[in-house]
Amino acid sequence: MPSSILVIEDEPAISELISVNLQHAGHCPIRAYNAEQAQNLISDVLPDLVLLDWMLPLVSGIEVCRRIRRSPETRSLPVIILTARGEETDRVRGLDSGADDYVVKPFSPSELVARLRAVMRRAQPSTAQDLLQYADVEVDTAAHRVSRGGKPIHLGPTEFRLLRYLMLHPGRVFSREQLLDAVWGHDVYVEARTVDVHIRRLRKALNANGATDVVRTVRSAGYALDRPGH
């Protein structure tokens, strides 16, 4: 089945260029030229991924991305922001709005398609990822079970989701805000320090038998899942 890609771009020539290249890559592009059209299309035909221009008329792409993340129906919808704004602060702002990736114009069609495929692979993990393993920690996402060194570990639902997310991205450092968005959701107001509380609970459960801590605190940055000794 070809993937349906919603292209939200107000410049017809760029929209056409992107759509043609998506078709050549085996995808099915759907076009919108502003936020209102995009919202209607998302409601009617939920796409597999959204390519979103930052500089849209009336409502910016950043706000469109935030709306996507606030809705329970589209919270997990992959979003790539397209923009001519290449400064680091702009990239951070785009990613903080909930985007999965950020592509700066001008870009090559092959790079865009490659980034799109990478985001979709991350967003749609294979069934093999029902069982996640890192160091001696195992998470069975289908059965909702956790073990370490073969011994079962009992976690609360929030700690389970937190561990699962970290194990899907081993070694990557996530800020408290990123973990809040990924684990609690964009439409739920929770103080950033709440993450610290659940990290402590997760550590206590994982390290109950004196095992080496696999959750690393990165000062002024956040948390990461790291193999002992790394």
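The side chains of Glu16 and Arg31 form a salt bridge, 2.5 Å from N to O. The term covers a side-chain nitrogen of Lys or Arg within 4 Å of a carboxyl oxygen of Asp or Glu. Side chains of opposite charge can pair when their charged atoms come close. Glu16 sits in helix α1 (residues 12-24) and Arg31 in strand β2 (residues 28-32), so their contact ties together parts that are 15 residues apart in sequence. Helices (H or I, at least four residues) and strands (E, at least two) are DSSP runs, numbered from the N terminus. Glu16 is partly exposed, with a relative accessible area of 37%. Arg31 is partly exposed too, at 32%. Here buried means under 20% relative accessible area, exposed means over 50%, and partly exposed lies in between (1.4 Å probe, protein chains only).

This is a predicted model, in which local features need pLDDT of at least 70 and side-chain atom pairs count only at pLDDT 80 or more, while totals for chains, interfaces and linings use all residues. Residues are numbered from 1 along each chain as its sequence is written, and side-chain values use heavy atoms, leaving out hydrogens and water. The predictor's confidence in each residue is its pLDDT, from 0 to 100. The protein averages 84, and 90% of the residues score at least 70. Confidence is highest in strand β1 (residues 4-8), at 93. It is lowest in helix α4 (residues 88-96), at a mean of 71.

Back to the charged pairs. The whole structure holds 14 salt bridges. One of them joins Glu63 to Arg70, with the closest N and O atoms 2.9 Å apart. Glu63 is partly exposed at 23% relative accessibility. Arg70 is partly exposed at 38%.

Another salt bridge links Asp196 and Arg176, at 2.8 Å from N to O. Asp196 belongs to helix α8 (residues 194-206) and Arg176 to helix α7, so this pair ties together parts that are 20 residues apart in sequence. Asp196 is buried, with a relative accessible area of 9%. Arg176, by contrast, is partly exposed at 26%. Elsewhere, salt bridges that share partners join Glu9, Asp53 and Lys105 into one network.

Stay with helix α7 for a moment. It spans residues 176-184 and includes Leu180. Leu180 is buried, at 10% relative accessibility. Ala192 lies 12 residues from Leu180 in sequence, and their C-alpha atoms are 7.1 Å apart in space.

Now turn to the sheet. Four strands form an open sheet in the order β6-β7-β8-β9, with antiparallel pairing. Two strands pair if DSSP finds at least two bridges between them. The edges are β6 (131-134) and β9 (151-153), and each pairs on one side only. From one strand to the next, the twist averages 25 degrees. Strand β8 (residues 145-148) and β9 run antiparallel and are joined by 3 bridges. Val146 has Ile153 in β9 as its bridge partner.

A helix covers part of this picture too: α6 (residues 157-168) packs on the sheet. Helix α6 touches β6, β7 (137-140) and β8. Contact means heavy atoms within 4.5 Å. The direction of α6 makes about 110 degrees with that of β7. Axes are lines fitted to C-alpha atoms, for helices over the stretch in contact, and angles run from 0 to 180 degrees between N-to-C directions.
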